Amino acid sequence: MATLHFFCGKIASGKSTLAKKLAGDGVLVSEDHLLATLYPGQIRNLDEFATASRRMRAAMAPHFVAILRGGQDLYLDFQANTVRSREWASLLAGSAGAELVVHYLDVSDAICKQRLADRNAEGEHEYQVDEATYDQFSAFFVPPSEDEGFRVEIY
């Protein structure tokens, strides 16, 4: 049975780094890369992110299910920071007959903000995020719970 790996943690908590580390021979797909490529310069706030993410997820869902049905583990470097986003992942896994594992990076705001400042200074990430935007996105953050029906790995 294939496994869908989904990542939960605030901005700059290390989700992408962990996804790359764990992916090995599995298929790794980055939400930031897809959104930056599909909507260059068009995602400037939370509403624009939500709209673009919803569209991209709808377009990609059948492909993700096909990958899982084909027996490949899939590592979605997508934010799993709300119950709704994790419900979407559960639907994908259920449609494919795959297991769902949510990797939760429990990292403090102080550490995330320092990493964010470092990341912004490096200038290599798809998005430059200021602290106000970090705080806006973090206001919607809901840690995962095993009561949601999947395995949670905490880092």
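Which pattern does the protein follow, read along the sequence? The order is β-α-β-α-α-β-α-β-α-α-β. That run holds six helices and five strands. Helices (H or I, at least four residues) and strands (E, at least two) are DSSP runs, numbered from the N terminus.

This is a predicted model, where local features need pLDDT of at least 70, side-chain atom pairs count only at pLDDT 80 or more, and totals for chains, interfaces and linings use all residues. Residues are numbered from 1 along each chain as its sequence is written, and side-chain values use heavy atoms, without hydrogens and water.

**Overall form**

With 155 residues, a compact globule would have a radius of gyration near 15 Å, and the protein agrees, at 15 Å. That radius is taken over C-alpha atoms, and the globule rule is 2.2 Å times the number of residues to the power 0.38. The C-alpha atoms fill a box of roughly 40 × 30 × 25 Å along the principal axes. Of the 155 residues, 44% count as buried, meaning under 20% relative accessible area with a 1.4 Å probe, protein chains only.

**Contacts**

Contact means heavy atoms within 4.5 Å. Among contacts with a separation of 6 or more, 75% join residues 24 or more positions apart.

| Property | Value |
|---|---|
| Buried residues | 44% of 155 residues |
| Accessible surface from carbon and sulfur atoms | 52% of about 8300 Å² |

Accessible areas come from the Shrake-Rupley method with a 1.4 Å probe; for residues, only the protein chains shown count as cover.

Conventions:
Buried means under 20% relative accessible area, exposed over 50%, partly exposed in between (1.4 Å probe, protein chains only).
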